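Hi,

Here is the structure I promised to pass on. Please have a look, and then read my notes below.

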Amino acid sequence: MDLFEKCNNVDSKNELIQFIKALRHDLLVNPNEWENQTLDGFLEAMESWMEDTMDIGFLADQPEWKSFAAILYMGKIYE
């Protein structure tokens with residue numbers, strides 16, 4: 001299962017922990033697939049993605065575990 005699929009299947013605290021582990025592992029073994037390899041770039045991408053999706057209602061005011069996983073995943077790929 002790829003990271004995007006793992007992200008979409010997170011529905012508990014434990015699954016979020018497992019997703020974070022998989023995300024970190026992916027950075028270590030596939031750094032060239034990451035748009036944002038520095039912490040600064042990663043956090044900026046998370047911030048930008050959250051701001052850009054605010055109007056479309058992707059994230060609810062009471063987010064699910066999957067929402068946290070999506071925010072972290074977008075830190076990897078969002079420009």
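**What I found**

L3 lies in helix α1; helices here are DSSP runs of H or I with at least four residues, numbered from the N terminus. This is a predicted model, in which local features need pLDDT of at least 70 and side-chain atom pairs count only at pLDDT 80 or more, while totals for chains, interfaces and linings use all residues. Residues are numbered from 1 along each chain as its sequence is written, and side-chain values use heavy atoms, with hydrogens and water left out.

L3 counts as buried because its relative accessibility is 10% (buried means under 20% relative accessible area, exposed over 50%, partly exposed in between, with a 1.4 Å probe and protein chains only). Leaving aside residues up to four places away in sequence, L3 touches F19, A22, L23, D26, Y73 and K76; contact means heavy atoms within 4.5 Å.

Helix α2 comes next. Its buried residues are L16, F19, A22, L23 and D26. They cover an arc of only 120° around the axis, so they sit on the same side of α2 (the arc is that of the directions from the helix axis to the C-beta atoms). On the other side of α2, K13, R24 and L28 are exposed. The buried residues of α2 pack against α1 (3-8), α3 (39-53) and α4 (65-77).

Finally, L72: not counting residues up to four places away in sequence, L72 touches L16, F19, I20, L23, F42 and M46.

Happy browsing!

How values were computed:
Helix = DSSP H or I, 4+ residues; strand = E, 2+ residues; numbered from the N terminus.
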